[in-house]
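This report is written for a reader who has not seen the structure before. Please look through the sequence and the model first.

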Amino acid sequence: MSLDAPSNAAALEAALSAAGTVAPGSDAFAVDGLKARYVVTPADVGGFADSLAAANNADASVVPRGGGRQMALGNVPRRYDVALRTAALNSVLEYEPADMTATVEAGISMGDLASALAEHGQFLPFDAPSDASLGGVLAAAVSGPSRHAYGLPRDWLLGCRIALADGTLVRAGGRVVKNVAGYDLPRLIVGSLGTLGVIVEATVKVTPLPAVEETLLALQASASAAIDAASEAGSRGLALTAVAVLDGGAASRCGAAVDESGWRAAYRVAGGVAAVARTKDELGTLAGGEDAAVLASQQATAFWSSMLEPLGDIELTITVPPAALRGLVDLLPEGRAGVVAYPTGGKLRVGLDSADAEETASSVRALREAALRAGGSLVVNAAPPGVKQAVAVWGDIAALAIMRRMKQEFDPRSTLNPGRFVGGI
Amino acid sequence: MSKNTADSVDSRVIQRLERAVGPDGVLWRPEDVLAFEYDGTIERARPQVVVFPRETSEVAAVARIARDAGLPIVPRGAGTGLSGGAVAALGGVVVALTKMKRILEIDVNNRFAVVEPGVVNLDLSKAAAPYGLYYAPDPSSQRACTLGGNVAENAGGPHCLAYGVTTNHVLGLEIVTPEGDAVWLGGRAAETPGYDLRGAFVGSEGTLGIATKIVVRLLPVPEATRTLLAIFDEVDQASAAVSAIIGRGIVPAALEMLDRLVIAALEPALHVGYPVDAGAVLLIEVEGLHETVTEQAAAVREVCEGEGARELREAKEAEERERLWAGRKGAIGALGRLAPNYYVLDGVVPRTKLPAVLREVYAVAERYGFPIANVFHAGDGNLHPNILFDERKEGETARVLAAGEEITRACVDAGGSITGEHGVGLEKRGYLSWIFSEEDIAAMEKVKAAFGSGELYNPCKMFPTGKGCGEVSQARLERAMQRAGPDAYI
Ligand SMILES: Cc1cc2nc3c(=O)[nH]c(=O)nc-3n(C[C@H](O)[C@H](O)[C@H](O)COP(=O)(O)OP(=O)(O)OC[C@H]3O[C@@H](n4cnc5c(N)ncnc54)[C@H](O)[C@@H]3O)c2cc1C
């Protein structure tokens, strides 16, 4: 069934309109320069599932969309007919602070979720901009400096409700903090970039906001000095909830400029009063630590949230066993836009501004080879479509055969995000 | 295929298996395979062949031979599982991983270890100790259970409250798929692009393949540990204290509860210093920086006193701490002193529901006339009621199962789960539909299909239906329970 036939398009449009608000595709919802035919905003979970079913039946491809913060991730979609938004799925369904669990609709923004939790002195320790949706953060497995203390999004999702490509709604996991009944579908869904199903509700673990929180910035002479200091601090079990290392470019984006060749190590110190004091003392004895600046609280909030913004038109993410990071920074191209490393988590983000696709491709190749040798991987997190065509966004993937079969099982018509994921899934 | 469901298996299949793993790696005489009939629970079934591969390539060869011969295949670790996961429900080939027990690598800088699946949980921590590192998930069976079994069950343990269960510690896995291919899921870094197949495999109860190498995170031994024993006259006070501790935002490393009956069993056997006249005790451990544990220990004390604790003791030295833990870890084993048999449950409830659900557990005990001893991971809301009984008494086993079902049902009704760490296995597959709809279960079956796992791959586990598995019925469980001797109950 082709949407080129007016009768088919009309039938789909009627079905979508019955399930939610329909608008024509626009630049605001473009993905890699492609515009959708329809932008659909269902009012509730049922409408969301109905929209998906209608699109699936019509062989129309669907790009699910939350806050739109990770739309640059992935290959250029093969087709893009419907932008299906979770924006109206934004209520808190059940929140029992004493259980430290919350069940919410997945379109809720990270900012709204944070406010609801903060009323009870709690938070969800994800590193994502406040206008990102929870569902999107989970689907893209977004992580940042807090991974040092809090791990990854997959560690916080207890259960979810998923709309499958044919509109079937399924529940996975549960609402309690420990549960091994059935396969761990929540983990399979986290990071699957909406290619197996769309998360429409999520039950997450939450955690208490620390009593005291301070941000320290230490000046470092080189990348390796910064990484060494941050790794050492991280390995001491100190009261640190975030650790990051930034080059000059990234530091100035975050409002903590250093001169050209300088680097910064950034620490968020948090916990009880005594533990925080001790941690600050110890940080002071590390290289560069004696000159560490303490950021005022407002400045600190701005610093950590700017760190979550893209580092350039092109951003690469490298994940390796932590000790391999030092070797990788030596390979970073000159003339980059910025670098942020999370040394204790083994993650490196590299921003490039290069307009030259060939030059970018060769940097990517060199870094990717080094990452692979170290037992890790490189993903092109964001790039203009032209660059995406010149470099492999995801690189070669192990177990791709099982992944293809997984896609085939969950979304046999390739309705969801066709082509965007690994191996062109 | 029918010739294979009899006690013997085609001798050509045996020969092929012997060629694959060596003649000393294959058991097939009925008297030799007898010991592999059961795991830690009550179900029994006899495999026709047990093989002991030593290498991934041998596991792959065995998987292909079993598949070609149309024989069921069942992975097996130490056989301490508590849901019948390693029981060869339809016979076939048991793949025992106990000879694959090398620790291949300890990477001190990156804090991970690469191990074979037969490595015993505690042995890894022992090997990592010289580097100041350890493996955090600590099931009470850690002296015996294997890391492969831990991965398959997504095992927990007392210290998983603060550090997370097995899945939080597995970076990567080499598996042999049901079709006999070796592939890596995840790796040595915290994340790999693509679907998190590693995450899907952990907790899959041996139904998606056989783990042949496991990369696990190691943690640095914390600088300070404080261990407290809070003693309460009433269970209700203790469970209220658990909710209050969690509600205050304190996350201890461990928060375990033992009730009067458990103490009555363990104290005379182990002499570790638990007060026999208490209604319940909480064993609470806080770990981390000196400064943090001092603060947390004080807060824990305050909360417990507020909830009416009669006394708070703190372990003064390492030896005292070890004694308290020996009591906790030996508790279930000591229950044999109170009754010939016991049946352990594994429900989970939201932590605020703990007091109400525990009251329901004791009410069930009252209604059925069985003593029920509770020793469990209270901080996670993961209950382990142990129903004490005597199988020789006419009709008791049926009533034990009915009582167990009522308790599990109460957990589900409180918004919880049928299993927190022991798995669904053979035992609880009938309960899966209490918490998942047909559509939910169909989605799980898609995962199974994607891994190439079919009807004969660890059959009759987890899913409520399965060809040849029969109805999941009380009667079936009951028969199994009657066949099992007292030592079949852990
Ligand atoms: C006294 C006692 C206390 C216990 N305490 C705890 C506890 O605190 N927490 C907890 O979680 N559990 C506990 N258990 C249950 C049990 O020890 C765990 O489930 C453990 O993980 C099982 O490991 P095993 O090696 O004995 O596996 P087995 O019993 O041999 O097998 C368990 C399952 O794993 C599969 N399997 C085994 N090896 C592999 C492999 N390499 N690849 C794929 N699948 C495999 C089997 O097919 C089976 O489905 C306890 C058990 C006892 C007897």
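The sections below cover the basis of the values, the ligand, one serine and the nonpolar cores.

## Basis

This is a predicted model, in which local features need pLDDT of at least 70 and side-chain atom pairs count only at pLDDT 80 or more, while totals for chains, interfaces and linings use all residues. Residues are numbered from 1 along each chain as its sequence is written, chains are lettered from A and ligands numbered from 1 in the order in which they are written, and side-chain values use heavy atoms, with hydrogens and water left out.

## Surroundings of the ligand

Helices (H or I, at least four residues) and strands (E, at least two) are DSSP runs, numbered from the N terminus.

## Polar atoms at the ligand

An oxygen atom of the ligand lies 2.9 Å from a backbone N or O atom of Gly156(B). A polar backbone atom of Glu205(B) is 3.2 Å from an oxygen atom of the ligand. In the side chain of Glu421(B), an N or O atom is 3.0 Å from a nitrogen atom of the ligand. The protein buries 95% of the 970 Å² that the ligand exposes when taken alone (Shrake-Rupley method, 1.4 Å probe).

## Ser133(A)

Ser133(A) sits in the loop between strand S7 (122-123) and helix H4 (134-139) of chain A. Ser133(A) counts as buried because its relative accessibility is 3%, and buried means under 20% relative accessible area (1.4 Å probe, protein chains only). The side chain of Ser133(A) reaches the backbone nitrogen of Gly136(A) at 3.0 Å.

## Nonpolar cores

A nonpolar core is a set of buried Ala, Val, Leu, Ile, Met, Phe, Trp, Tyr and Cys residues joined through side-chain atoms within 4.5 Å. The largest has 173 residues, and Leu134(A) and Tyr267(A) have the most contacts inside it. Helix H9 (residues 235-247) of chain B gives the most to this core, seven residues. Another core, of 25 residues, lies apart from it and includes Leu229(B) and Trp325(B).

Methods
Polar contact = N/O pair within 3.5 Å; in protein donor to acceptor, adjacent residues only side chain to side chain. Buried < 20%, exposed > 50% of the residue type's maximum accessible area, 1.4 Å probe, protein only.
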